[in-house]
Amino acid sequence: MQSARSPQASRAVGPETTNRDFNVSSASRFDDPVWDMDGWRPGSNGRTVFRWRWDFELLDGSRFTDEKWRPLALTAKRYLLSLHNDPPLGRKPVRASTQGSRYQQLRVLIAWMDGENLRSFADIDQDTAARFLEDVARR
């Protein structure tokens, strides 16, 4: 089994790779529709499983695992893995609980993107980001 910080896992996170056949945790692979992530939950006495479902339903009735969402799903998954496996220079890898929070935030953003007919993070410019923040603040 690979550790989350293995060189192979870090290389696999890069946008140029097409290799997605690797472990993201002790129980899940990159292309799995559900990731059971290992980690420590603050205040717990031991390891906890964080479950991230990538097959969630979107406003248009599609699932995030459907082919039309594949490019965005790959980017979202790579982003979450990079928070731990490849943090910015000088930054510590984030904890599993922080990754879980980022996963929840991504789901909100992705659902909003579906309503706006956006299919890529590159479609989000400054005005679009401001509109998203306004919409979230109104909830």
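View 1. Helix α2 covers residues 70-85 and reaches 22 Å from its first C-alpha to its last, close to the 22 Å expected at 1.5 Å a residue, where the expected span is 1.5 Å times one less than the number of residues. This is a predicted model: local features need pLDDT of at least 70, side-chain atom pairs count only at pLDDT 80 or more, and totals for chains, interfaces and linings use all residues. Residues are numbered from 1 along each chain as its sequence is written, and side-chain values use heavy atoms, leaving out hydrogens and water.

**View 2. Inside the largest nonpolar core.** Here are 28 residues, with Trp35, Trp52, Trp54, Phe64 and Ile110 making the most contacts inside the core. Such a core joins buried Ala, Val, Leu, Ile, Met, Phe, Trp, Tyr and Cys residues through side-chain atoms within 4.5 Å. Trp54 touches (heavy atoms within 4.5 Å) several residues, including Trp35, Phe64, Ala76, Leu80 and Tyr103.

**View 3. Where α3 meets α4.** Helices α3 (residues 96-115) and α4 (residues 126-138) pack at about 110 degrees, their axes 11 Å apart; axes are lines fitted to C-alpha atoms over the stretch in contact, with angles running from 0 to 180 degrees between N-to-C directions. The two helices are therefore roughly perpendicular (65 to 115 degrees). Val108, Leu109 and Trp112 of α3 meet Thr128, Arg131, Phe132, Asp135 and Val136 of α4.

Technical notes: Helices (H or I, at least four residues) and strands (E, at least two) are DSSP runs, numbered from the N terminus. Angles under 35 degrees count as roughly parallel, over 145 as roughly antiparallel, 65 to 115 as roughly perpendicular and the rest as oblique. Buried means under 20% relative accessible area, exposed over 50%, partly exposed in between (1.4 Å probe, protein chains only). Lists of a residue's contacts leave out its neighbours within four places in sequence.
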